Amino acid sequence: MNRERYSVGKLVLEIIMLALGLLFFFPLYLTIVNGFKTYNEVVTSTTAFPEVVQFQNFVTVWNQINFLGVFMNSLIITVIAVVGILLISSMAAYQLVRRPGRLSQIIFLVILSSLIIPFQTMMIPLVKVAKDLNIIDTLHGIILLYWGFGIPLALFLYHGFIKAVPKELEEAASIDGSGPFGIFFRILLPLLKPITTTIAILHSLWIWNDFLLPLITLSSIKNQTIPLAASVYFGQYTNEWHLAMAALTLATLPIMIFFMFMQRYIIQGITAGAVKG
């Protein structure tokens, strides 16, 4: 009897999860399918499959927005920004955890306090400071800004994870003659692989798909990212939906492939950091 109740409950749960999965997949389905249609088909039959597959939409988008150029901009910004966030936040969290005290607590709380400040309240001062520092409309400038906005969350996750790493491993390495950098890169960093992968995935998704920060800091066409370049198809008076959907499909394809290969580490990393911290 218990087995029968459990089976029915499990079946109901699976049906609910399947329905939720289809619900979340539906916007992606609309984006991809409508990228292969003409404008009239998008407007008249949004959810249907295309009558004739329009590969020309992707060719047009590729040429019009210089997709290869904006793709390289997005790739450079995302890779360098994520690598910098990982290195800076992991090393900072290591020092804050291994050197406990009032000063470490204050630094940790001050950095975390930035998470509660809405980005919209900082946009105007941010542009003013970036302009004064001559980093506005530059790739290295926006990378620095992403470091500033991305480090607090990464530091928080690393901080909870490093607490669970036994100090004895570092002490043993120190006795063997390893210095602080050797201990960190040879002993600690390999142990941080689950949470490092999680942070890398979350921040890659955020930076790759971000629109607002590039919008207010990158004004020249040569420095545009993919989301910023694709916005040209959403105008005040006209919307080229078929080209917009094709552009969004091209924009999401690389990060979707990356996520599919790496998503299994997300829950593992967050759970490990939360439980061990």
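Start with helix α7, which supplies the largest share of the lining of the largest pocket, 7 residues. Helices here are DSSP runs of H or I of at least four residues, numbered from the N terminus. A pocket is an open set of points on a 1 Å grid over the protein atoms alone, with protein on both sides within 12 Å along at least five of seven lines; lining residues have an atom within 4 Å of a point.

The model is predicted: local features need pLDDT of at least 70, side-chain atom pairs count only at pLDDT 80 or more, and totals for chains, interfaces and linings use all residues. Residues are numbered from 1 along each chain as its sequence is written, and side-chain values use heavy atoms, with hydrogens and water left out.

**The pocket**

The largest pocket has a volume of about 410 Å³, a volume being the space filled by probe spheres set on grid points joined across faces, edges and corners. Select Phe119, Met122, Phe149, Gly150 and Trp206: of the 19 lining residues, these are the closest to the pocket centre. Helices α7, α10 and α11 (212-217) each supply at least two residues of this lining. By type, the lining divides into 14 nonpolar, 4 polar and 1 charged; Ala, Val, Leu, Ile, Met, Phe, Trp, Tyr, Cys and Pro count as nonpolar, Asp, Glu, Lys and Arg as charged, and the others, Gly among them, as polar.

**The core**

Next, select Ile77, Tyr158 and Ile162, the residues with the most contacts inside the largest nonpolar core, which has 38 residues. Such a core is a set of buried Ala, Val, Leu, Ile, Met, Phe, Trp, Tyr and Cys residues joined through side-chain atoms within 4.5 Å. Buried means under 20% relative accessible area, exposed over 50%, and partly exposed in between (1.4 Å probe, protein chains only). Helices α4 (67-98), α5 (102-113), α7 (139-162), α9 (180-191) and α10 (193-209) each supply at least two residues of this core. The largest share, 12 residues, comes from α7.

Show the neighbours of Ile77. Leaving out residues up to four places away in sequence, Ile77 touches Leu139, Ile142, Ile143, Tyr146, Ile207, Leu218 and Thr225, a contact being heavy atoms within 4.5 Å. Apart from this core lies another, of 19 residues, including Phe67, Leu243, Met245 and Ala246.

Move along α7 to His159. His159 counts as buried because its relative accessibility is 10%. Its contacts, again without residues up to four places away in sequence, are Ala93, Leu96, Val97 and Phe108.

**The cavity**

A cavity is a set of grid points where a 1.4 Å probe fits but cannot get out. The largest cavity has a volume of about 40 Å³. Select its lining: Ser74, Ile77, Thr78, Tyr146, Ile207, Trp208, Asp210, Pro214 and Thr225. Helices α4 and α10 are the elements that give two or more residues to it, and α4 gives the most, with 3 residues.

**The ring pairs**

The whole structure holds 11 aromatic pairs. Rings of Phe, Tyr and Trp (its six-membered ring) pair if their centres lie within 6.5 Å; planes under 30 degrees apart count as stacked, over 60 as edge-to-face and the rest as tilted.

Select Phe71 and Trp208. Their ring centres are 5.7 Å apart and their planes at 75°, so the pair is edge-to-face. Phe71 in helix α4 and Trp208 in helix α10 are 137 residues apart, and their pair links distant parts of the chain. Trp208 counts as buried, at 5% relative accessibility. Ring pairs link Trp62, Phe67, Phe71 and Trp208 into a cluster.
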